[in-house]
Amino acid sequence: MRIAVAGSSGLIGAQLCRLARAAGHAVVPLSRTDGVDLLDADAVAFALRGVEVVVDVSRPTQMDLADARDFFTMVARNLGTAGKRCGVRRTVVLSIVGVDRGQDYDWYVATLAHEQATREHAPGPRVLRSTQFHEFPGQVLERALADSEQPGCVQIMDVPIQPVESTEVARALLDLATDPDAGDRQLAGPRVERLVDLVTNLVAHDGLDLEVLPGPAPVSMASGSMLPDADAITAGIDWHTWLERRGRSH
């Protein structure tokens, strides 16, 4: 198949491109790195000529609500409008488990708007809601360090999560893109953890001289909204095994 990947240069997009090519598909990468601005409707329409499936894993550079929501809705509209014009069969968008339950958190408000805009504009929309990736605690730690006002100390949201390998997310996206009978899906890793504990373990593993303290979180997340539903698919290794393997490979 000819598959366009919006957000092809990111963590998930790059893995999806590799998997799709390895499976024999033709990949059309859509990102500024690849010369395509997703906010440029004409550029998107030109790139989607001959494409059969679009997978949208795009992410804005800004996380504040207004900018993120504007980005998501514009990208979904551009991909959907061009996709219908170019004969795209279906569109797969990556979202977050519990996004509808976490509307007290701005990023989730913007992400749900992404889902809704995709369903409104895209041909054959399908949604993969994933839990946080195994890389998530490291990303949270980076942001906490950047925002910390107390040297040597970071506060991390004390919330339950069920993280999943990013490779498994890319595999699930490819399956949804190529299976004509597939529908919406939830994906999670095999084990429930607490985010503050994972960051504490990561700090110790990497030998960082940091104190990790539990911090406040939106009520929905503290109450478990980031955990998957009972019918979610679980896949891949747990976070601790992933960290051990990451350590051996570096």
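About 450 Å³ of space lies in the second largest pocket of this predicted model. A pocket here is an open set of points, on a 1 Å grid over the protein atoms alone, with protein on both sides within 12 Å along at least five of seven lines, whereas a cavity is a set of points where a 1.4 Å probe fits but cannot get out; lining residues have an atom within 4 Å of a point. Grid points are joined across faces, edges and corners, and a volume is the space filled by probe spheres set on the points. The second largest pocket is lined by 18 residues, and those closest to its centre are Val140, Arg143, Ala144, Asp147 and Gln155. Helix 5 and strand 6 (153-157) are the elements that give two or more residues to this lining, where helices (H or I, at least four residues) and strands (E, at least two) are DSSP runs numbered from the N terminus.

The largest pocket has a volume of about 1000 Å³. Its lining holds 38 residues, with Val57, Ser58, Arg59, Pro60 and Trp107 nearest the centre, and the elements that contribute two or more residues are helix 1 (11-22), strand 4 (90-96), helix 4 (106-121) and helix 5 (136-147).

By the rule given above, there is 1 cavity of 30 Å³ or more, and the largest cavity has a volume of about 40 Å³. Its lining is made up of Asp56, Ala76, Leu79, Gly80, Thr91, Thr118 and Ala122, with helix 3 (residues 65-86) giving the most, at 3 residues.

The table sets out the linings by class; Ala, Val, Leu, Ile, Met, Phe, Trp, Tyr, Cys and Pro count as nonpolar, Asp, Glu, Lys and Arg as charged, and the others, Gly among them, as polar.

| Space | Lining residues by class |
|---|---|
| Largest pocket | 20 nonpolar, 13 polar, 5 charged residues |
| Second largest pocket | 11 nonpolar, 4 polar, 3 charged residues |
| Largest cavity | 3 nonpolar, 3 polar, 1 charged residues |

Helix 4 can also be followed through individual residues. Ala117 lies in helix 4 and is buried, with a relative accessible area of 7%; buried means under 20% relative accessible area, exposed over 50%, and partly exposed in between (1.4 Å probe, protein chains only). Leaving aside neighbours within four places in sequence, Ala117 is in contact with Thr73, Ala76 and Ala122, contact meaning heavy atoms within 4.5 Å. The C-alpha atoms of Ala117 and Val75 are 8.9 Å apart, although 42 residues separate the two along the chain.

His121, also found in helix 4, is buried at a relative accessible area of 17%, and, with neighbours within four places in sequence left aside, His121 is in contact with Ala76, Arg77, Gly80, Thr81 and Lys84. Glu120 is likewise found in helix 4, but Glu120 counts as exposed, at 56% relative accessibility. From C-alpha to C-alpha, Glu120 and Gly80 are 8.3 Å apart in space and 40 residues apart in sequence.

In strand 5 (residues 125-130) lies Ser130, which is buried with a relative accessible area of 2%. Not counting residues up to four places away in sequence, Ser130 touches Leu94, Ser95, Ile96, Val97, Val164, Val169 and Leu187.

Which members of the largest nonpolar core touch the most other members? Among its 47 residues, they are Leu30, Leu48, Leu79, Ile156 and Leu195; such a core is a set of buried Ala, Val, Leu, Ile, Met, Phe, Trp, Tyr and Cys residues joined through side-chain atoms within 4.5 Å. Apart from this core lies another, of 25 residues, including Val5, Val27, Leu187 and Ala235. Leu48, setting aside neighbours within four places in sequence, is in contact with Ala4, Leu30, Val54, Leu79, Ala82, Gly83 and Cys86.

A search of the whole structure finds 0 disulfides, a disulfide being a pair of cysteine sulfur atoms within 2.5 Å. The sulfur of Cys17 is too far for a bond because the closest cysteine sulfur, in Cys86, is 18 Å away. Cys17 counts as buried at 5% relative accessibility, whereas Cys86 is partly exposed, with a relative accessible area of 23%.

Residues are numbered from 1 along each chain as its sequence is written, and side-chain values use heavy atoms, with hydrogens and water left out. As this is a predicted model, local features need pLDDT of at least 70 and side-chain atom pairs count only at pLDDT 80 or more, while totals for chains, interfaces and linings use all residues.
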